[in-house]
Amino acid sequence: MASNYMYIVKCRDGTLYTGWTNDLAGRIEAHNAGKGAKYTKSRRPVELAYYETFGTREEAMSREYHVKRMTRSKKLELIHNKSS
């Protein structure tokens, strides 16, 4: 069963970017190569700050949708709680 991920990266300028993928390592590589999202292209390098794993792409996309609507402080809280 393939894994699907919702992830948050921290950009060089300190901003956060949220996305989803089915290849987490490859997606982070793509972001850092300038082939990821337009948003991260000018904010490289990015660093993986947080991720969640899902069984389906729909679940990962739904979670991405909800996390993208969180405030920055809520996203930072999510990141902090995961690493604690």
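This report walks through the salt bridges of a predicted model.

## Ground rules

In this predicted model, local features need pLDDT of at least 70 and side-chain atom pairs count only at pLDDT 80 or more, while totals for chains, interfaces and linings use all residues. Residues are numbered from 1 along each chain as its sequence is written, and side-chain values use heavy atoms, with hydrogens and water left out.

A salt bridge here is a side-chain nitrogen of Lys or Arg within 4 Å of a carboxyl oxygen of Asp or Glu. The count comes to three salt bridges.

## Asp13 and Arg43: loop to loop

Let's begin with Asp13 and Arg43, whose side chains meet at 3.0 Å, N to O. This pair links distant parts of the chain, 30 residues apart: Asp13 sits in the loop between β1 (4-11) and β2 (16-21), and Arg43 in the loop between α2 (38-41) and β3 (46-54). Helices (H or I, at least four residues) and strands (E, at least two) are DSSP runs, numbered from the N terminus.

Asp13 is partly exposed at 43% relative accessibility, and Arg43 is also partly exposed, at 22%. (Buried means under 20% relative accessible area, exposed over 50%, partly exposed in between, with a 1.4 Å probe and protein chains only.)

## Two bridges involving helix α3

Arg63 pairs with Glu52, their closest N and O atoms being 2.9 Å apart. Arg63 lies in helix α3 (residues 57-68) and Glu52 in strand β3, so this bridge ties together parts eleven residues apart in sequence. Arg63 is partly exposed at 22%, whereas Glu52 is buried at 15%.

Lys68 and Glu64 form a salt bridge at 3.2 Å between the closest N and O atoms. Because they are four residues apart in helix α3, about one helical turn separates Lys68 and Glu64. Lys68 is partly exposed at 36%, while Glu64 is buried at 13%.
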